[in-house]
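This report concerns the packing of helices and strands. The sequence and the model are shown below.

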Amino acid sequence: MRRDEIADLAAFVVVAEEGSFTKAARRLGIAQSGLSQIVRRTEERLGMRLLSRTTRSVAPTEAGERLLATLGPMLHDLDAAVASLGDLRDRPSGTIRVTTVEHAAKTILLPGVKQLLRDNPDIRMDVTIDYGLADVVADRFDAGIRLGGEIAKDMIAVRIGPDIPMAIVGSPDYFRIHPVPTSPARLVEHKAVNLRLPTSQTVNGWRLMRGGRETRVRLEGQMTLNTIDLIRDAALDGHGLAYLPLDMVQSDLEHGDLVQMLAKFTPPLPGYHLYYPNRRQAPVAFRLFVEALRYSQ
């Protein structure tokens with residue numbers, strides 16, 4: 001394959017990723033008309049359409065998706081290899097894109113990178129809060145943060161925090177109407193404020209110990225939310241029981257705004273892990289980021 005053909009394929013990848021000729025042309029630093037000619041020339045050479053175009057959007061065809069799935073990671077690896085050479089000459093730099101849940105972001109990620117960002121002003125963080133099980137490769141993240149046990153086997157996983165004590169809580173107002181449950185079996189008599197998981201579109205199961213075994217319990221309720229900050233607020237307002245990290249509600253418990261129950265039946269969750277694909281030539285900035293978060297007992 002000639003060099004100009006490789007360059008044309010790289011241009012197609014940028015258009016497919018951006019979903020826009022205008023944005024892609026800006027990213028590549030060339031005229032939009034010239035970029036359109038490059039893509040058209042590539043399609044003619046391959047004998048098939050790679051992009052579907054409308055007045056509002058650009059999206060890969062089935063053939064384009066297949067080509068993008070192969071070429072995209074290769075070109076990103078090439079970019080990373082070139083960037084790693086620059087790290088030998090310049091200060092650590094670049095944007096690190098991370099998908100995480102909000103509790104991990106508040107308790108581990110933000111405190112962990114505080115000094116890193118102060119010491120390295122050319123490193124930038126782009127953080128997305130998401131309770132789905134993100135595919136960091138397909139979604140073009142550099143890394144993700146999730147609980148241990150939720151990470152795909154083909155990912156590199158680095159523990160970044162201790163196990164997480166959990167608490168089942170409710171407000172005093174709620175318990176003026178409902179009896180305090182004395183065993184996991186009595187939870188069926190109660191309403192829950194649930195967390196919806198976007199990947200499965202189900203509510204999060206509460207991990208409890210019953211008969212010496214860990215089990216998942218899912219309760220009914222009138223309110224389902226997608227952030228634990230809102231779940232805490234709803235529990236404080238008396239909408240039902242909530243299953244939350246203990247550190248998140250410790251102050252509420254101490255002030256009597258929430259009441260904890262079934263503590264001996266509520267095991268801790270496995271700690272958070274940073275996960276990412278194998279990167280043979282990871283930029284210095286990313287290596288510093290991993291070390292900044294790495295957990296040491």
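In β15, Y275 is the bridge partner of G144. Strand β5 (residues 143-147) and strand β15 (residues 272-276) pair in the antiparallel sense over four bridges; pairing requires that DSSP finds at least two bridges between two strands. Helices (H or I, at least four residues) and strands (E, at least two) are DSSP runs, numbered from the N terminus. The model is predicted: local features need pLDDT of at least 70 and side-chain atom pairs pLDDT 80 or more, while totals for chains, interfaces and linings use all residues. Residues are numbered from 1 along each chain as its sequence is written, and side-chain values use heavy atoms, without hydrogens and water.

The open sheet has five strands in the order β4-β3-β5-β15-β6, with mixed pairing. Its edges are β4 (123-129) and β6 (156-159), each with a single partner strand, so one side of each has no neighbour in the sheet. From one strand to the next, the twist averages 25°.

Angles run from 0 to 180 degrees between N-to-C directions, and axes are lines fitted to C-alpha atoms, for helices over the stretch in contact.

| Helix | Strands touched | Direction angle |
|---|---|---|
| α5 (residues 102-119) | β3 (94-100), β4, β5 and β15 | about 180° with β4 |
| α9 (residues 284-293) | β3, β4, β5, β6 and β15 | about 165° with β15 |

Elsewhere, helix α2 (residues 21-28) packs against helix α3 (residues 32-46) at about 105°, with axes 9 Å apart. Helix α2 is therefore roughly perpendicular to α3, a term for angles of 65 to 115 degrees. The contact involves F21, T22, A24, A25 and L28 of α2, and Q32, L35, S36 and V39 of α3.

Technical notes
Angles under 35 degrees count as roughly parallel, over 145 as roughly antiparallel, 65 to 115 as roughly perpendicular and the rest as oblique. Contact means heavy atoms within 4.5 Å.
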